[in-house]
Amino acid sequence: MALDRQRIVAEAVALLDAEGLDGVTTRKLAARLGVQSPTLYWHVPNKAALVTAIADAILGQEFGDMAPPEPDQDWQDWLSGLAGRLRRALLAHPDGARVISAAQLSVTMAAISELAMSTLVARGVSLRQARVIVLTVERFTVGHVLEEQAPRPDAAALKDFDMATFTGQYPTLVAAITDYFSPGRTVDDLFNDCLEVVIAGAAVNAAATT
């Protein structure tokens with residue numbers, strides 16, 4: 001099979017799924033493709049370019065089609081849906097949020113931002129406010145997924161951990177976590193509730209400055 005950029009990126013995404021971002025190296029990728037590492041540089045000049053290509057690929061799986069809201073749809077609800085799609089795209093792959101954070105000049109991320117900002121401007125939000133709102137929502141989403149995909153404490157970290165002592169030192173924190181994650185509630189609820197606070201506050205601020 002001929003080696004082209006599409007095949008290289010597809011194999012790089014497969015390598016990401018198998019080993020995470022730290023396992024994505026040009027040496028391993030070349031081995032999977034059955035070529036020498038220098039051969040890859042005809043298509044992706046360096047690791048940074050490869051990571052950006054992976055970012056575009058994993059975003060493209062969720063954002064193959066993008067459209068502004070329907071005329072009767074609030075931009076707040078539409079933007080919340082867009083953030084949900086971004087989160088799904090990142091969670092679909094190990095270290096998805098790290099990939100997006102490390103990507104340089106991702107054209108797909110730029111397209112998402114362009115659509116979101118232009119949508120808000122078309123709804124009467126100032127350009128400056130639209131930029132701040134969209135960046136805040138995007139960065140909240142990526143940051144939330146970074147935490148979701150971070151390694152959990154290992155046995156060594158938990159070896160001397162005393163939950164009773166921790167609860168005594170931080171009783172409100174523990175009570176809040178216990179109360180929030182009552183039976184039936186998940187991290188999806190946490191994301192949606194936090195996102196609602198972010199967008200509701202942005203909407204109030206935008207209305208006050210227009």
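This is a predicted model: local features need pLDDT of at least 70, side-chain atom pairs count only at pLDDT 80 or more; totals for chains, interfaces and linings use all residues.
## How H1 and H4 pack

Let's begin with a pair of helices. Two packed helices are described by the angle between their axes and the distance between the axes. Here, helix H1 covers residues 5-19 and helix H4 covers residues 47-62; they pack at an angle of about 80°, and their axes are 9 Å apart. Angles of 65 to 115 degrees count as roughly perpendicular, and H1 and H4 are therefore roughly perpendicular to each other.

Which residues meet where H1 and H4 touch? On the H1 side you will find Arg-5, Ile-8, Val-9, Ala-12, Val-13 and Leu-16. From H4 come Leu-50, Ala-53, Ile-54, Ala-57, Ile-58 and Gln-61. Sorted by class, this contact has 10 nonpolar residues, one polar and one charged.

## Salt bridges between helices

Side chains of opposite charge can pair when their charged atoms come close. The structure holds 11 salt bridges, and a few are worth a look on your screen.

One of them joins Glu-11 to Arg-32, with the closest N and O atoms 2.8 Å apart. Glu-11 sits in helix H1 and Arg-32 in helix H2 (residues 26-33), so this pair links distant parts of the chain, 21 residues apart. Glu-11 has 22% relative accessibility and therefore counts as partly exposed. Arg-32, at 38% relative accessibility, also counts as partly exposed.

Another salt bridge pairs Arg-87 with Glu-148, and here the closest N and O atoms are 2.9 Å apart. Arg-87 lies in helix H5 (residues 75-91) and Glu-148 in helix H8 (residues 127-149), so the pair ties together parts that are 61 residues apart in sequence. Are the two partners buried or exposed? Arg-87 is buried, because its relative accessible area is 8% and buried means under 20%. Glu-148 is partly exposed, with a relative accessible area of 24%.

## A further pair and a network

Asp-95 forms a salt bridge with Arg-98, and the closest N and O atoms of this pair are 3.5 Å apart. Asp-95 is buried, with a relative accessible area of 16%.

Finally, which residues are linked in a network of salt bridges? They are Glu-62, Asp-65, Arg-85 and Arg-88. To see the network in the structure, highlight these four side chains together.

Methods: Residues are numbered from 1 along each chain as its sequence is written. Side-chain values use heavy atoms; hydrogens and water are left out. Axes are lines fitted to C-alpha atoms, for helices over the stretch in contact, and angles run from 0 to 180 degrees between N-to-C directions. Helices (H or I, at least four residues) and strands (E, at least two) are DSSP runs, numbered from the N terminus. Angles under 35 degrees count as roughly parallel, over 145 as roughly antiparallel, 65 to 115 as roughly perpendicular and the rest as oblique. Contact means heavy atoms within 4.5 Å. Ala, Val, Leu, Ile, Met, Phe, Trp, Tyr, Cys and Pro count as nonpolar, Asp, Glu, Lys and Arg as charged, and the others, Gly among them, as polar. Buried means under 20% relative accessible area, exposed over 50%, partly exposed in between (1.4 Å probe, protein chains only).
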